[in-house]
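Subject: Structure for your review

Dear colleague,

Please find below the structure that I am handing over to you. My notes on what was found in it follow directly after.

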Amino acid sequence: METQRPLRLPNSLFVGLVLVFFSGIGLCIHSSAVSSEVGSCDPNYDDSDSKISAFCSFKKYIMQSYYEKYENLLDSDFQDFIGQELPFGMCEVLPHDLSLVVKLSILHRNLIGHGSHRHLTSSIRVNIKPESISELPTHHCEVIIIERLPSGVFADPFELQHLLQRGVYSNIAVFGDTNLESPSFLSNRSAVEVHMDIGRNLFLRHAEEFNINVEIPLHARYPPLDENGYSEVKFGVPDLFMRCSVEGKSHDESCLYKVSEITGSKLTYGTVVWKIPSGMKVHAGIVSIFTFVAALFSAILIAATSIFYSDINSSKHLKES
């Protein structure tokens with residue numbers, strides 16, 4: 001009898017399997033490190049402290065915490081979440097009242113571009129006016145802008161990820177219904193959260209004023225039928241927050257502030273409206289008839305062509321035989 005030789009893997013295949021194995025281990029370690037980094041706190045601190053517990057449960061993204069509690073984005077639920085769940089006014093080492101030091105105001109908002117792909121732009125003015133504040137610890141601040149989008153538009157998460165990789169924003173993500181193919185009448189609302197770095201030691205600076213510009217790429221969903229041939233999508237005022245992290249502390253302390261109202265004497269922008277072309281109800285019957293006739297004619301043409309060429313092939317075989 002012929003003895004079977006033991007199965008031996010080629011060296012290149014063996015090395016490839018080893019690399020895949022160790023890459024998987026590294027990916028798992030990295031994922032666990034990233035997941036533990038968000039909302040992490042020092043284990044030496046007592047979790048029974050309400051302030052420390054609030055900081056521990058706070059995620060990197062505000063909307064991430066929202067969608068852990070709510071399934072869909074509703075304005076009433078979001079306002080309840082802002083008022084009851086977020087840890088405002090719990091900062092021990094930085095000013096409690098943001099309005100005494102920093103003013104945030106929206107200068108203008110606009111939609112740029114044409115067709116079904118636009119960019120929503122916002123210009124936000126940051127006005128710093130410190131008042132007798134000294135001996136504050138080193139801190140780092142960022143402005144957080146949340147755009148609660150209507151159901152008629154969406155943001156592509158892959159496009160936002162590309163902006164993040166290019167360093168346009170310190171952090172940006174979309175939450176909610178991210179199905180890119182759903183029409184507006186079958187989709188839920190989504191929200192884009194943008195983080196923009198405004199530097200270190202904000203509360204220790206001299207009085208200054210500067211603007212930050214936010215530009216979010218958006219895409220229109222297929223709208224429902226409308227009598228006017230257009231579907232209007234209106235954008236509300238974005239929600240503005242500021243978060244400052246304190247450096248050199250024995251635990252990760254983060255101070256969150258909410259801009260409760262749009263400051264400034266005048267609003268220099270109106271309601272942003274996007275008119276998206278849609279089908280008209282009066283044309284629905286005609287379009288349905290022509291679509292059915294075109295589909296039926298195409299099916300008959302394909303069947304007739306198939307029968308014609310099958311007859312030609314059959315006659316060729318009979319002649320050859």
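Which residues of the largest nonpolar core touch the most other members? They are Val 192, Val 194, Phe 235 and Trp 274, in a core of 42 residues. Strand β7 (residues 208–220) supplies the largest share of this core, namely 5 residues. In general, nonpolar side chains of soluble globular proteins tend to be buried together. Please bear in mind throughout that this is a predicted model.

Leaving aside residues up to four places away in sequence, its contacts include Ile 145, Ile 146, Leu 149, Leu 160, Ile 172, Val 174 and Ile 216. Glu 147 is also one of the residues that Val 192 touches.

Overall architecture

The protein has 321 residues, 35% of which are buried. Its secondary structure consists of 6 helices and 11 strands. Among contacts with a separation of 6 or more, 76% are between residues 24 or more positions apart. The protein exposes about 19900 Å², and carbon and sulfur atoms supply 56% of that area.

The disulfide

A search of the whole structure finds 1 disulfide. Cys 141 and Cys 244 form it, with their sulfur atoms 2.0 Å apart. The torsion about the S-S bond is about 110 degrees, so this disulfide is right-handed. Because Cys 141 belongs to strand β3 (residues 139–149) and Cys 244 to strand β9 (residues 239–246), the pair ties together parts that are 103 residues apart in sequence. Both Cys 141 and Cys 244 are buried.

The side chains of Arg 243 and Glu 142 meet at 3.0 Å, N to O. Arg 243 is in strand β9 and Glu 142 in strand β3, 101 residues apart. Arg 243 and Glu 142 are both buried.

Other salt bridges

The count of salt bridges comes to 6. One of them joins Glu 85 to Lys 69, the closest N and O atoms being 2.5 Å apart. Glu 85 lies in the loop between α4 (75–84) and β1 (102–114) and Lys 69 in helix α3 (residues 62–69), so this pair ties together parts that are 16 residues apart in sequence. Glu 85 is partly exposed at 37% relative accessibility, and Lys 69 is partly exposed at 47%.

Asp 75 and Arg 189 form another salt bridge, at 2.9 Å from N to O. Since Asp 75 is in helix α4 and Arg 189 in the loop between β5 (171–176) and β6 (190–200), the pair ties together parts that are 114 residues apart in sequence. Asp 75 is partly exposed, with 39% relative accessibility. Through shared partners, salt bridges join Asp 75, Arg 148, Arg 189 and Asp 239 into one network.

Surface features

Val 293 is located in helix α6 (residues 284–320) and is partly exposed, at 48% relative accessible area.

Gln 161, in helix α5 (residues 157–165), is partly exposed at 39% relative accessibility. Its C-alpha atom is separated by 7.4 Å from that of Ala 173, which is 12 residues away along the chain.

Yours sincerely,
A colleague

Notes. Residues are numbered from 1 along each chain as its sequence is written. This is a predicted model: local features need pLDDT of at least 70, side-chain atom pairs count only at pLDDT 80 or more; totals for chains, interfaces and linings use all residues. Side-chain values use heavy atoms; hydrogens and water are left out. Helices (H or I, at least four residues) and strands (E, at least two) are DSSP runs, numbered from the N terminus. Buried means under 20% relative accessible area, exposed over 50%, partly exposed in between (1.4 Å probe, protein chains only). A nonpolar core is a set of buried Ala, Val, Leu, Ile, Met, Phe, Trp, Tyr and Cys residues joined through side-chain atoms within 4.5 Å. Contact means heavy atoms within 4.5 Å. A disulfide is a pair of cysteine sulfur atoms within 2.5 Å. Accessible areas come from the Shrake-Rupley method with a 1.4 Å probe; for residues, only the protein chains shown count as cover. A salt bridge is a side-chain nitrogen of Lys or Arg within 4 Å of a carboxyl oxygen of Asp or Glu.
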